[in-house]
Amino acid sequence: MRKLSLANLPTKIQKMERFSEENGVNVYIKRDDQTGSEWSGNKIRKLEFSVQEAIDKGCNLLITCGGIQSNHCRATVSVATYFGMKSAVLLRISDTPPVEGNYFLDLLLGADVKFCNADEYRTSRMEIMQKMADEYAAQGYKPYIIPEGASNGVGTLGYYNAMNEIVQQEKEMGTVFDTIVIATGSGGTCAGLNIANIIKGYGKRIIAMAVCDDVDYFQKVALKISREALSYLVEQKEISLDKAEKLADSLQQTDFEVNDKYVGIGYALSRPEELEHIKRLARLEGIVFDPVYTGKATYGMVNELKPGGNLRTAKNILFIHTGGLYGLFPVSKQFKF
Ligand SMILES: *Cc1c(COP(=O)(O)O)cnc(C)c1O
């Protein structure tokens with residue numbers, strides 16, 4: 001498919017040996033946290049498509065939004081700068097933020113930063129970004145707006161591809177993953193995996209661990225993104241128009257599972273037990289998870305692997321490590337050693 005080639009792909013798949021033994025099930029991890037360094041994490045797979053579209057349209061400014069410690073904003077800023085484009089990010093804050101983690105990197109990599117509060121972000125982030133775009137356009141820039149998480153029809157193609165990459169790796173490894181577990185925040189990652197699963201008939205169980213909002217929210221969002229993706233899949237000759245039309249009618253909110261039991265005390269807020277869990281896994285496997293997404297998702301996975309949990313029937317699980325390491329440093333003081 002037509003896209004930029006930025007991420008280090010395919011990302012490795014490793015078995016979590018001790019974790020698997022502890023839980024009596026094979027758990028593998030796909031290292032999408034190792035897609036790069038400045039643009040590490042899952043967002044770069046989506047940005048390969050979004051920024052290709054921006055370049056095709058002749059744009060020279062990327063505008064996007066997220067929380068103050070947004071991995072997506074940091075990845076977008078680094079890609080923009082890499083291509084000699086300007087970048088502007090709309091960041092959601094409550095207080096004056098300390099210059100650290102991803103926000104520090106946004107500044108270091110040269111982004112223009114605009115702040116808004118949680119209410120403004122929820123109700124009118126698109127309008128605010130459009131206003132920013134108009135102002136830059138008046139100065140002569142050609143802006144391209146990427147929605148939160150690059151979670152739209154074009155961005156989600158990154159995870160449509162990732163699903164195909166996984167199936168290719170299964171063949172090379174001689175393994176079949178029955179279940180794929182991921183963290184979900186803006187829905188584009190699970191939507192992409194899900195459409196590939198359906199179109200190619202892979203028959204995998206996909207479980208998205210919510211880090212905010214609830215089941216109904218994510219199923220609606222993912223369905224909307226999936227429908228949007230269909231026209232791009234036709235354009236890229238992945239599917240016929242006829243097939244896309246049939247899929248638009250047959251896609252269901254329940255095509256994959258969302259688990260919202262591990263949101264905890266809210267987005268980007270950590271409970272002590274979640275941080276203990278991150279510390280325990282770091283010491284067990286030498287793999288570091290982030291507090292906002294993968295820490296919560298793997299905390300949920302551990303709990304669902306217990307008797308009575310909904311992962312008990314799984315045999316070969318693939319957890320996709322979607323990155324987020326820079327977001328761990330700002331919470332380092334909350335850890336107990
Ligand atoms: C954004 C993000 C996710 C969630 O991906 P979505 O496509 O937004 O649902 C998971 N993990 C990390 C580290 C992220 O930055």
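Select the ligand and the residues around it: the shell in this predicted model has 16 residues, and the closest are K43, K46, S186, T189 and T322.

Next, show the side chain of N71. One of its N or O atoms is 2.8 Å from an oxygen atom of the ligand. At G188, a polar backbone atom is 3.4 Å from an oxygen atom of the ligand. Now put a surface on the ligand: taken alone, the ligand exposes 380 Å², and the protein buries 98% of that area.

Switch to cartoon and select three elements: α2 (43-56), β7 (179-184) and α7 (188-199). Each of these supplies at least two residues of the shell around the ligand.

Color by domain next, with residues 13-41 and 152-334 as domain 1 and residues 43-150 as domain 2.

Finally, zoom out to the whole chain. The cartoon shows eleven helices and ten strands. The radius of gyration is 19 Å, close to the 20 Å that the globule rule gives for 337 residues, so the chain is as compact as a globular protein of that length. Along the principal axes, the C-alpha trace spans about 60 × 55 × 35 Å. Color by burial to end the tour: 57% of the 337 residues count as buried.

Notes
Residues numbered from 1 in each chain as written. Predicted model: local features only at pLDDT ≥ 70, side-chain atom pairs only at ≥ 80, totals over all residues. Heavy atoms only, no water. Near = heavy atom within 4 Å. Polar contact = N/O pair within 3.5 Å; in protein donor to acceptor, adjacent residues only side chain to side chain. Areas by Shrake-Rupley, 256 points an atom, 1.4 Å probe, with all protein chains shown as cover. Helix = DSSP H or I, 4+ residues; strand = E, 2+ residues; numbered from the N terminus. Domains from an automatic or database assignment. Rg over C-alpha atoms; globule rule 2.2 N^0.38 Å. Buried < 20%, exposed > 50% of the residue type's maximum accessible area, 1.4 Å probe, protein only.
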